[in-house]
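Trainee: I'm new to this one. Could you show me how to read its packing?

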Amino acid sequence: MLVYISHVQYIRRRLADVLLDAVRHFPAVVVTGPRRAGKTTLLRRLFPNVRYVLLEDPDIQARVRSDPRAFLDALRPPVVFDEIQNTPELLAYVRTVIDTSPRRMGQWLFTGSQEAPLMHGISESMAGRAAILQLLPFSLAETKKVTLLHGGFPEVLARPKARSLWFASYLQTYLERDVRAITNVRDLATFRRFLALLASRHGQILNKTDLAAPLGVTIPTIGDWLHILEMTGQVILVPPYFENFGKRLIKSPKVYLEDSGLACYLLGLTSSAELERSPFLGPLFEGFVAAEILKSQADRGMRKELYYFRDQQGLEVDFLIPRPNAKLWLVETKAAKTVRPSMASSLTSLQRASQKRSERLIVVYRKSRSQLPTTAIARGVEALDVEQFVGELLRTK
């Protein structure tokens, strides 16, 4: 199936096949993900003849809250309920309708932009009745238009010249709608400064004290704000790999903004030339790879699993990806376009410490115009450009 992102081009979403399979096996399907990632467009493309109900409409919200049963009785399923987090109480009533005809599949389709509250409502009301999927912004596997500077939001890729204006509007909408809807942030200007400060810590180990001090807020406030960003799909928190390698390990997560385009915007990077000169190029590329790993998992309906490793002696590997049979992929990212054997040293060191439980050791680097074939830069270590790496993620379960 195809998703519209401009007047002349359609791009296939990889989640489409999983979604179509889910509606054949579950009475309800919920698609979560960041605002403007393309959830509504995907559902309307896949199910063009299904009734569509936008739950952000105040009149519809009032009808749901005044008489939810009458509201549902007036609809003929299948139905798409868009932005269900606005009326989560509706889930309990949908459950009663499902239970009257439990063999009718694919009748109730939901989208939601606030994952944590939505998941809580589903776990209480729709357990066993709904498939839960996540749609993230476009990945490299879906379109080569995805870049470090632009990220993967459909509207940015459709109109790259309006990139800065779109992100400015997106942040304003996000602050007004999602942040205010979740919590009572009294000072949105400070929250906006928090976003910019977080972008400057992109790819670093999370230090809440370091974030709180320049903003003049408390550490618990930083924790609350990070929770908001995580539940609305704006940040990635990569936890450390806790398996005991006989070393003292760092226990805090690493933090990335989920979309590299938004991160570049918050850092004031407006062109590819500025990005190439930026001291943030390495961390931005690292976060870009992290997002591609998680997109490859989400697009197949898999549980997202991604870790990093760092011990107190300084050994660090960017990413560890669990694979079947207790194997691991160890992944190191390098923003350079030329790979060297020295880039593999941390991978081989950790492999020795893990007693060879690692299945693959990979250095991921940026694609160059004069593309070389896949090479081994050290014994047992592969060098893949980011497009090759994404291809490998999709070829293996």
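Predicted model: local features only at pLDDT ≥ 70, side-chain atom pairs only at ≥ 80, totals over all residues.

Trainee: Which residues have the most contacts inside the largest nonpolar core?

Mentor: A nonpolar core is a set of buried Ala, Val, Leu, Ile, Met, Phe, Trp, Tyr and Cys residues joined through side-chain atoms within 4.5 Å; buried means under 20% relative accessible area with a 1.4 Å probe, protein chains only. Here the largest one has 70 residues, and Phe191, Phe194, Leu198 and Phe389 have the most contacts inside it. Helix 14 (residues 281-298) gives the largest share, nine residues. Helices here are DSSP runs of H or I, at least four residues, numbered from the N terminus. Apart from this core lies another of 21 residues, including Ile84 and Phe110.

Trainee: How do helix 14 and helix 16 cross?

Mentor: Two packed helices are described by the angle between their axes and the distance between the axes. The axes, lines fitted to C-alpha atoms over the stretch in contact (heavy atoms within 4.5 Å) with angles from 0 to 180 degrees between N-to-C directions, come within 10 Å for helix 14 and helix 16 (residues 386-395) and cross at roughly 25°. That makes the two helices roughly parallel, a label for angles under 35 degrees.

Trainee: Which residues of helix 14 meet helix 16?

Mentor: Phe285, Phe288, Val289, Glu292, Ile293 and Ser296 do, against Val386, Phe389, Val390, Leu393 and Leu394.

How values were computed
Residues numbered from 1 in each chain as written. Heavy atoms only, no water. Buried < 20%, exposed > 50% of the residue type's maximum accessible area, 1.4 Å probe, protein only. Parallel < 35°, antiparallel > 145°, perpendicular 65-115°, else oblique.
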